[in-house]
Amino acid sequence: MRVYNFSAGPAVLPEEVLKKAASEMFEHGDSGQSVMEMSHRSKEYEAIHNECEALMREILAIPDNYKVLFLQGGANMQFDMIPLNLLKTGKADFVVTGQWAGKAQSEAKRYGEANIVASSKDKTFSYIPELDSSKFDPNADYFHICFNNTIFGTRFPELPETGSVPLVADMSSYILSEPVNVSDFGLIYACAQKNVAPAGVTIVIIREDLIRDLSDSKVPTMLQYKTYADSNSLYNTPPTYSIYMCKLVLEWVKSKGGLSAMKEHNEKKAAVLYDYLDTSKLFRSTVEKRFRSQMNVPFVTGNEEIDKKFIKEAKAAGFVNLAGHRSVGGMRASIYNAMPIEGVEKLVAFMAEFEKNN
């Protein structure tokens, strides 16, 4: 019996996708082999790889002057690849709205000046700080944000105006959840294990003019975006099965009506959970309303023992991975695209019953 999985990542995948993958586990098409067994140089795998990119471009409406790269190393690798590839003057601006934005800024400090233009650390990252454009460096090589904060459950209600400075966004727990104007960004990156595919592949969407020739630099070949852009992300063996699963998820998103349909679906789910939290006398949201994420919903009771009791009883009832991140505690329900609205409705019913009994 499958449970309702509220994990922040690796996270729930669409059942239709899992069934499709299961049916092709032993043999993909008439290839006589599983995707996991295919050479990444084979025509069979190349077709999967190229179709995945084509679907990504179609669904996200990615302009022709952007490259789509399939990398490894997760967002953590991007914290180093971005400054290694984008820093020219040696300066970049950062908005620190949580742990991952903080890590990105901390890693960038290894290579240059990483200016924090705003932070919400003063209130445990429960909001997105107001940005003062006078603090932006017009000569910065890029401006970095974490668009949706997986741990603290916040998201940017609007994008910062950075002028000619390329906007770089970590969209790991946001990508594919609603339409996005890719042209607003110089670079978008997302580890796939939250809303796209199993762990293994990291998606980078980068404007072509930001891809530099660093062949004469000390930047390792494997950490240069040009290496992957010039080789169709096939310089070395890519995470082939994760890319195949990414393709299946993209097919599923398309079949459901694309990103506009995902947005509507996600807004309904989030409303069910937030409406209950706003009226509950036991549970409460930890995020200011204007900045609430529709993907990651942290909440608490205010009593650690009751929190632990809730998590334990919820698991026994089939609602798993509701514990908050180890750095903050409490609870967190991640309700990505693949979480059906029935899962959220049943969780809320369980929470109401728990509240009545406690």
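Helices (H or I, at least four residues) and strands (E, at least two) are DSSP runs, numbered from the N terminus. The model is predicted: local features need pLDDT of at least 70, side-chain atom pairs count only at pLDDT 80 or more, and totals for chains, interfaces and linings use all residues. Residues are numbered from 1 along each chain as its sequence is written, and side-chain values use heavy atoms, with hydrogens and water left out.

**Stop 1: helix α9**

Select residues 341-357, the 17 residues of α9. From first C-alpha to last, α9 reaches 25 Å, close to the 24 Å expected at 1.5 Å a residue (the expected span is 1.5 Å times one less than the number of residues). Next, colour G343, V344, L347, V348, F350, M351, F354 and E355, the buried residues of α9. Buried means under 20% relative accessible area, exposed over 50%, and partly exposed in between, with a 1.4 Å probe and protein chains only. Seen down the axis of α9, these buried residues fall within an arc of 165 degrees, so they line one face of the helix; the arc is that of the directions from the helix axis to the C-beta atoms. On the face turned away from the buried side, pick the exposed residues K356 and N357.

Now show what the buried residues pack against: β1 (4-5), α7 (258-279), β12 (296-300), α8 (304-316), β13 (319-320) and β14 (331-334). Contact here means heavy atoms within 4.5 Å.

**Stop 2: pockets**

On a 1 Å grid over the protein atoms alone, a pocket is an open set of points with protein on both sides within 12 Å along at least five of seven lines, while a cavity is a set where a 1.4 Å probe fits but cannot get out; lining residues have an atom within 4 Å of a point. Grid points are joined across faces, edges and corners, and a volume is the space filled by probe spheres set on the points.

Select Y4, E15, A338, M339 and P340, which of 23 lining residues lie nearest the centre of the largest pocket. About 410 Å³ of space lies there. The elements giving two or more residues to this lining are β1, α1 and α7, and α7 has the largest share, three residues.

For the second largest pocket, about 290 Å³ in volume, select G9, W100, C191, Q193 and K194, which lie nearest its centre among 19 lining residues. Helix α3 (residues 74-86) supplies the largest share of that lining, three residues.

**Stop 3: cavities**

The count is two cavities of 30 Å³ or more. The largest cavity has a volume of about 80 Å³; of its 16 lining residues, V12, L13, K194, N195 and V196 are the closest to its centre. The second largest cavity has a volume of about 40 Å³ and is lined by N148, R155, Y174, S177, E178, N266, Q294 and M295.

**Stop 4: backbone**

Most residues other than glycine have a negative phi, and most peptide bonds are trans. Select G9 and P10: a cis peptide bond joins them, with omega about -5 degrees. P10 lies in the loop between β1 and α1 (15-23).

Go to A61, in the loop between α2 (43-60) and β2 (66-71). A61 is not a glycine, yet has a positive phi of about 50 degrees. At 57% relative accessibility, A61 counts as exposed.

Finish at F125, in the loop between β4 (113-119) and β5 (143-146). Its phi is also positive, near 55 degrees, but F125 is buried, with a relative accessible area of 12%.
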